[in-house]
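Here's a quick tour of how the pieces of this fold sit against each other. Have a look at the structure first, then read on.

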Amino acid sequence: MLTQISVYAENKKGAFQNITKVLLENNINILGSVTNDSAEYGIVRMVVSDADLACTALKENGYLCRTTSVIGVELADEVGNLNKLLLSISDGNINVDYLYLSFNRQSGQPIMVFHTDEPQAVANCLSRQGYTVL
């Protein structure tokens, strides 16, 4: 199970750079991220090297930040593997709220990071099916 931070930021010039500056100042590495925006605010979701420190530092700099459990599944970089993973999840009648791509810096393999309502149950299910769950 991975811990993701969600940062709520005003949708304005330099906002993302300010977030990355706070992470840099605290020696925190971004391992994967996705952003969603609306007219006024955006959500930056990230898996980072130290989620607790990142959230604390960002809050100290005026950002609304929270942590969430997400699942990381290592997949071989082959056509159709994401579809197979999603079919495995779908067979369990599980909804994926969102997903994004990262990669395992040691193996070089892609990692699909995703959120569901029941992350531990989904992680256990995928492990039993032979997936490498992080």
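Keep in mind that this is a predicted model. Let's start with helix 4, whose buried residues pack against strand 4 (64-74), helix 3 (81-91), strand 6 (110-115) and strand 7 (132-133). Helix 4 itself covers residues 119-128, and its buried residues are Pro119, Val122, Ala123 and Leu126. Look down the axis of helix 4 and those buried residues fall within an arc of 100 degrees, so they line one face of the helix.

Two packed helices are described by the angle between their axes and the distance between the axes. For helix 1 and helix 2 (residues 51-60), the angle is about 125 degrees and the axes are 10 Å apart. On the helix 1 side, Ile19, Val22 and Leu23 make the contact, while helix 2 brings in Ala54, Ala57 and Leu58.

Then there's the strand pairing. Strand 2 pairs with strand 3 (residues 41-48) in the antiparallel sense, over 7 bridges. Which residue of strand 3 is the bridge partner of glycine 32? That's valine 47. The hairpin that joins strand 2 to strand 3 runs through 3 residues.

Finally, a few backbone angles to check if you're looking at phi values:

| Residue | Phi | Where |
|---|---|---|
| Asparagine 27 | positive, about 55 degrees | loop between helix 1 (15-25) and strand 2 (30-37) |
| Asparagine 93 | positive, about 55 degrees | just after helix 3 |
| Glycine 130 | positive, near 95 degrees | following helix 4 |

Asparagine 27 has its positive phi although it isn't a glycine. Is asparagine 27 buried or exposed? With a relative accessible area of 71%, and exposed meaning over 50%, asparagine 27 is exposed.

Technical notes
Residues are numbered from 1 along each chain as its sequence is written. This is a predicted model: local features need pLDDT of at least 70, side-chain atom pairs count only at pLDDT 80 or more; totals for chains, interfaces and linings use all residues. Side-chain values use heavy atoms; hydrogens and water are left out. Buried means under 20% relative accessible area, exposed over 50%, partly exposed in between (1.4 Å probe, protein chains only). Helices (H or I, at least four residues) and strands (E, at least two) are DSSP runs, numbered from the N terminus. The arc is that of the directions from the helix axis to the C-beta atoms. Contact means heavy atoms within 4.5 Å. Two strands pair if DSSP finds at least two bridges between them. Axes are lines fitted to C-alpha atoms, for helices over the stretch in contact, and angles run from 0 to 180 degrees between N-to-C directions.
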